[in-house]
Structure formats: structure tokens, C-alpha cells
Amino acid sequence: MPKVSVVIPVYNVEEYLRDCLDSILKVNAADFEIVAVNDGSTDQSGQILDLYAAKDARIRVIHKQNEGNSIARNTGFERSTGKYVLFVDSDDMIVPDTIPLSVQAIEQSGADVVLFDFQHIAQDGHPGLVYSSMEEPTFQNRMLDDRFEVTMLIQASPWCKLYSRAFLEEHKLRFTPNLWFEDLLFCLQMVACRPQIYYLPQSFYLYRQRAKSITKSIASPRNHEIIGVFEKAIEYYKVKDLYLICADLIEHLAYTHIKCGVLYIVAKADSRELFRTILDDYRRLFPHDERNPYRFKRTRKQRIIAHLIEHERFRLIRVYSGLKKS
């Protein structure tokens, strides 16, 4: 049994897939497997996977019909065998020390999850900014305080973490099928299971920003599914008798991800009907966000965006967005 399983959902990424696989194969460790799930790709992604698997026994390829990213990840996880699990998206990359240093940290600390930082890279691979996975960056390796005020505010992506398989299995954590923003829901559910999280303040993950993907998503009606994510999260926390404790934090995250995130993106695309549908549902779920006790954490940029969103100032939103880019 390999120590680490790297699970990669793959769909139509022939342009970037070799970079992803090569980065993992350069890892400074031998005891790992790659489980790549070809989710019904219509380009050369499946053939690329088969070529790599023929050359390296550590790579296993699963070909299946297209059912979406969540099911592909779940399939890869269920077919993998490693003691620890790392999720990598097929257009992204990792650095050579990712696996050995993350494994060292999880084994020495006894943690359930190791959290690390990430770096944006351009579509052509040019390096960009490094981001901390902590809301308040720290330069110390440490076990995080298990208060929700800390754990709920870490980076809400599955790919900047190494997980104990035992923890994921114990709590039956899986990605919700047929849902946009499934990463956010998965991370909110994961935190509700009270994992011990060890933080490594090192940038291990290279997150590629693809212009075509961003352009395709900004006006999609599926942006409304962010409302369903928070409805499901609220229900999950209620089932675990945690909602009363965490309601303010959930509202704070909704403010960040919906009001200052999805609504801002949709407004820039001038999709007004979709914008108003999402905003109405946001107000239904979180009618008093201006009273949230975590409002002091809001940045100046967030406060400006939220003000423009509340007053539906579409033209000013586009002007402000242009100023931030210049």
C-alpha cells in the first residue's frame, strides 16, 4: 500500500495535463500513487494518461463517462489505497517537496489534515503571487487552535491540504455531485468534523488561472448554486448541533463568498436578472449581515464592493473593477 494517493480528476485539459503529471513525478518521494480519473474527456487527455501510465507503474488511470468533478474525485478517492490523500486539479501543479514535507508534518504532529500555502500561476505557467491559506498569515509551523474562529476561515479549497484517509472515511466525507462550488461545501463539512489541522507556511501548490474558464463561468446561471451550498452547509451544521455556535461565521463566509464574490462577478458581467435572484436569496438567508460580529474582519475592498452590490450600482461596479485591474 502506498503512503500517499494523489487523486486527479481529468476533463479536457490536454494543454496542461503533462505539466501536472510531470510536477507530481518530480516529487522527492517514491512511496506514492497517482489515481487519475478521466471523466469522459473528448480531447487527448485520456490518451496522455494512458501513455504516462504505460511508462510509470505508480500511475493508475480510470476511464469513465462524464459525470462531473465531484464524482470523478470521489471515484479516485474510493479506488485509491494510500494512508494519506492529496487532491490535485489536472491543470495545476505541485512542487517537489509537497509530499515528503506534508507527510513528515502529519506523522510527527498526529494531525488529521496538513494545510499549506499556494501560488497563482498564469495560463502560460508564469509565476504569480503567493497566498497564505490562513486568514491571518503566520510563518510558524504549528497545530491550529481548534476554535471555529480559526478553522472555518482557512482556505476553502481541497487541494491545499493533505488528508488522513482514516479521517475522511470516519466522517464519510465526499464531494457533493452535480454542484458548483463543491469545494467550498466540502471544506465547510470537513471543518464541522473537528479535524486536528497542522499548518505549514510553505507554498506547495501552483494554482493555474485560465482565462477561458473564468470567461465561461462569470455569467453562468449555475452561479446561483452558491446559495444551495450555504443551505446545505447550514443543514449539515444543524445536524451536528453546531449551527448556533457557527451561525455568525457561516454568515461571515457567505458575505465573503456570495456578496463580495459571486455577486460581484455576476454584476461585472451585467447579468442583472441572475444578480437579483442571487441577491434576493442571499438576503433571505442572511438578512442582518451588517450586524455580524465578524464585520471588523472585512477589508476596505470588501466594504466598497458590498456597498455597491446592496445598491445595485452596476456601472460603478464595472468602473471599480477596472480601476483595481489598472
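A pocket here is an open set of grid points, on a 1 Å grid over the protein atoms alone, with protein on both sides within 12 Å along at least five of seven lines. The model shown in these views is predicted.

**View A. The second largest pocket and its lining.** This pocket holds about 180 Å³ of space. Its lining includes the acidic residues Glu135, Glu136, Asp145 and Glu149. Arg142, Arg147 and Lys297 also line the pocket. Met134, Val150, Leu153 and Ile154 complete the list.

**View B. Strand S10, residues 197-208.** Strand S10 is mostly covered. Of its 12 residues, 9 are buried, that is, under 20% relative accessible area. In a regular strand, side chains alternate between the two faces of the sheet.

**View C. The parallel pairing of S6 with S10.** Strand S6 spans residues 113-121 and runs parallel to S10. The two strands are joined by 9 bridges. Val113 stands opposite Ile197 of S10.

**View D. The antiparallel pairing of S5 with S10.** Strand S5 consists of residues 93-94. S5 and S10 pair in the antiparallel sense over 2 bridges. The bridge partner of Met93 in S10 is Leu206.

View E. Strand S8 covers residues 142-143 and runs antiparallel to S10. The join is made by 2 bridges. Arg142 stands opposite Tyr199 in S10. Arg142 also belongs to the lining of the second largest pocket.

Note on methods:
Residues are numbered from 1 along each chain as its sequence is written. This is a predicted model: local features need pLDDT of at least 70, side-chain atom pairs count only at pLDDT 80 or more; totals for chains, interfaces and linings use all residues. Side-chain values use heavy atoms; hydrogens and water are left out. Buried means under 20% relative accessible area, exposed over 50%, partly exposed in between (1.4 Å probe, protein chains only). Helices (H or I, at least four residues) and strands (E, at least two) are DSSP runs, numbered from the N terminus. Two strands pair if DSSP finds at least two bridges between them. On a 1 Å grid over the protein atoms alone, a cavity is a set of points where a 1.4 Å probe fits but cannot get out, and a pocket is an open set with protein on both sides within 12 Å along at least five of seven lines; lining residues have an atom within 4 Å of a point. Grid points are joined across faces, edges and corners, and a volume is the space filled by probe spheres set on the points.
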